[in-house]
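Subject: Structure handover

Hello,

Here is the structure I said I would pass on. My notes on what was found in it follow below.

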Amino acid sequence: MGDSFLEQLIEDSAFLKAERRLDTELVDKLILQLNRIYPQILSDKEATKFRNLDVPASVRVGELLAHLRGKGEEACKEFYRALHLHVEEVYYSLPTRLRLRDSLDPLAYPRVCQQRHVMNDRGPLFFLGCFSVAVGMTLLYYYSEAKLTRGSRALGMAGLGLKKKAQEVLIWYTEERLMK
C-alpha cells in the first residue's frame, strides 16, 4: 500500500463527498467519535461547527476532510478508524480500499466475477430433467386412483421423455393400473 493516511484521504475525498450513504446521522457519529475519543483532533468548538444541521451533509464532510488534512497524519488515521467502525460498507467501498483489495495476490484471493445471470454447474439438461420429473409427478397426482383409467395411458406416454429411473416408475404405474 505504501500511501500515508493523508495521501489516502486526499484520494478518497471526492468519493466521500459524493457518497449518499453518508447521511446526517452517520456524519454526526463520525464527528462525535473524533471529538469524544480524540479531542486533540477535533475540539468541542470545531465539532459544533461541523454538526451544523443547516449545512448539507456532503458540504460538512468536505469541510471535515479539509480540517483533518490540516491536522496531519494521525487525524487522518483516526478518521479512517471511525469510518471503519461506524460505516463499514462505505469504508470498504473507498477507492484506496478497492485498490488495495485488487492489488493482493490473485492466487491467494481469487476474484469473484459477478454475473448478471448465474447458472448452476449442472447446466440446462439437469434443469430439463428436474422439470420432467416435476411434470411426471404432477401427472401422477392428477391421474390418481380416483380419476379415470385413461389417464394412466397418458402417464405411460409422459415417461418417454424422462430419464431411465423416472420412465420405469411411470411405466410401472401405468402397467399396474391396466391390470386392475
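The protein chain holds 10 helices and zero strands. Please keep in mind that this is a predicted model. Read along the sequence, the pattern is α-α-α-α-α-α-α-α-α-α.

Some overall values come next. Of the 180 residues in the protein chain, 32% are buried. Among contacts with a separation of 6 or more, 62% are between residues 24 or more positions apart. The protein chain exposes about 12700 Å², and carbon and sulfur atoms supply 58% of that area.

On helix packing, I looked at helix 1 (residues 5-18) and helix 4 (residues 57-71), whose axes come within 10 Å and cross at roughly 170°. The contact is made by L6, L9, I10, S13, L16 and K17 on the helix 1 side, and by S58, V61, G62, L65, L68 and R69 on the helix 4 side. Angles over 145 degrees count as roughly antiparallel, so helix 1 and helix 4 are roughly antiparallel to each other.

The count of salt bridges comes to six.

- E11 pairs with R99, with the closest N and O atoms 2.8 Å apart. This pair links distant parts of the chain, since E11 lies in helix 1 and R99 in helix 7 (residues 95-103), 88 residues apart. E11 is partly exposed at 35% relative accessibility, and R99 is partly exposed at 34%.
- R60 pairs with D28, with the closest N and O atoms 3.1 Å apart. R60 is in helix 4 and D28 in helix 2 (residues 24-37), 32 residues apart, and this pair also links distant parts of the chain. Both R60 and D28 are buried. A network of salt bridges links D28, R51 and R60.
- R21 pairs with E19, with the closest N and O atoms 2.6 Å apart. R21 is partly exposed, with a relative accessible area of 35%, whereas E19 is buried at 13%.

Two further residues are worth a note. E78 is found in helix 5 (residues 73-86). Buried means under 20% relative accessible area, so E78, at 3%, counts as buried. Not counting residues up to four places away in sequence, E78 touches L34, Y38 and I41.

F127 is found in helix 8 (residues 124-142). F127 is exposed, with a relative accessible area of 53%. On the surface, F127 forms a nonpolar patch with L125, L128, F131 and V135, and together these residues have about 530 Å² of accessible area.

Regards

Technical notes: Residues numbered from 1 in each chain as written. Predicted model: local features only at pLDDT ≥ 70, side-chain atom pairs only at ≥ 80, totals over all residues. Heavy atoms only, no water. Helix = DSSP H or I, 4+ residues; strand = E, 2+ residues; numbered from the N terminus. Buried < 20%, exposed > 50% of the residue type's maximum accessible area, 1.4 Å probe, protein only. Contact = heavy atoms within 4.5 Å. Patch = residues over 30% accessible without salt bridge, like charges linked within 9 Å, V, L, I, M, F, W, Y side chains within 5 Å. Areas by Shrake-Rupley, 256 points an atom, 1.4 Å probe, with all protein chains shown as cover. Salt bridge = Lys/Arg side-chain N within 4 Å of Asp/Glu carboxyl O. Axes fitted to C-alpha atoms, helices over the stretch in contact; angles between N-to-C directions. Parallel < 35°, antiparallel > 145°, perpendicular 65-115°, else oblique.
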